[in-house]
Amino acid sequence: MYLYSYRKRPNFGDALNDYLWPHFIQAPLEKTPGSQEVFVGIGTLLNERLPPKGVLHIFGSGSGYGNVQPDAKARWRVHFVRGPLTANTLGLPPEFAISDPGLLVHETQSLNCTKDIDCAFMPHHGLYSEHMKALCEQAGVHFIHPEEPCASVLDQIGRSRRLICSAMHGAIAAEALRVPWLPVMTNREMLLSKWEDWAASMDTSIHFRSLPVIWSRPPSSLAGRAVAGLKAVAFRQKLAQLSRSQSFQLGKDAVLNDRLTRIQERIENFNNQQRLPREA
């Protein structure tokens, strides 16, 4: 079975597909196309870029970045989607909106880590720079690189007492690992609807704080460098302030446990369905 995900650039949220699904899906999962069955999991994947052939098994994906074509809908088997906004967009019954399967890290990681990181910051994967990392360190905030291997990212989140993040799957992992988190906007290109979709699935809401945009490369003009310098100071000061904030959030255990139970029921049903043809 072809495990479809975004693979053009390393990114924690997309890499969770390779990290998580082999723990739960019994069918062999392949990273390259060719199978007549396609597993569509974590990510904003429900758009016109879905694979053009094969049965599409939708497992917690979200809509965004385009529209699903009629041909794909004719070939798919929707087991569940990321949230109610995705279900509504695709015309699915409300019961198909469970949550993002990134929550499954609750089942694979220890929840009893030594908390040796007071506060961490994890940016959206397109925003990383050494300059940003240095500013975090100056603010006394641990920096988590969103393109590091999943095991490393999860270890750092689990060891944190609090997490500031513009990476949505950083927030999802923190929720699953019971680490209070604070969402921030770090640029105008963030797709806020996917955050709202997931938050609605968890019976919560998102209230973003803002951080100045930090350019990965310094501007060439004198005026540009002056502006970049001011932004750097503002970023460092605001991040330090947010790390001491009382606005970190964490959902109820009962909600998390309910979503995990419902996701695992879909997984069990899928594994049973996949086993039947082989046993026949």
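This is a predicted model: local features need pLDDT of at least 70, side-chain atom pairs count only at pLDDT 80 or more; totals for chains, interfaces and linings use all residues.
1. Helix α7, residues 168-176, packs against helix α8, residues 192-201. Their axes lie 10 Å apart, at an angle of about 15°. Because angles under 35 degrees count as roughly parallel, α7 is described as roughly parallel to α8. The crossing of α7 past α8 is right-handed.

2. On the α7 side, the contact with α8 is made by M168, A171, I172 and E175. The residues contributed by α8 are K194, W195 and W198. By class, five residues of this contact are nonpolar and two are charged, while none is polar.

3. Helix α7 also meets α1. The axes of α1 and α7 come within 8 Å and cross at roughly 55°, an arrangement that makes α1 oblique to α7.

4. In the contact between these helices, α1 supplies F12, G13 and L16, and α7 supplies H169, G170 and A173. Three of the residues are nonpolar and three are polar; no charged residue takes part.

5. The largest pocket has a volume of about 740 Å³. It is lined by 29 residues, of which Y6, N11, D14, Y65 and H125 are the closest to its centre. Sorted by class, the lining comprises 11 nonpolar, 12 polar and six charged residues.

6. Which elements give two or more residues to the lining of the largest pocket? They are α1, residues 12-24, and α7. The student may therefore wish to view these two helices together, as α1 and α7 are also the pair that cross at roughly 55° and are oblique to one another.

Technical notes. Residues are numbered from 1 along each chain as its sequence is written. Side-chain values use heavy atoms; hydrogens and water are left out. Axes are lines fitted to C-alpha atoms, for helices over the stretch in contact, and angles run from 0 to 180 degrees between N-to-C directions. Helices (H or I, at least four residues) and strands (E, at least two) are DSSP runs, numbered from the N terminus. Angles under 35 degrees count as roughly parallel, over 145 as roughly antiparallel, 65 to 115 as roughly perpendicular and the rest as oblique. A crossing is left-handed if the near helix is turned anticlockwise from the far one by less than a right angle, and right-handed if clockwise. Contact means heavy atoms within 4.5 Å. Ala, Val, Leu, Ile, Met, Phe, Trp, Tyr, Cys and Pro count as nonpolar, Asp, Glu, Lys and Arg as charged, and the others, Gly among them, as polar. On a 1 Å grid over the protein atoms alone, a cavity is a set of points where a 1.4 Å probe fits but cannot get out, and a pocket is an open set with protein on both sides within 12 Å along at least five of seven lines; lining residues have an atom within 4 Å of a point. Grid points are joined across faces, edges and corners, and a volume is the space filled by probe spheres set on the points.
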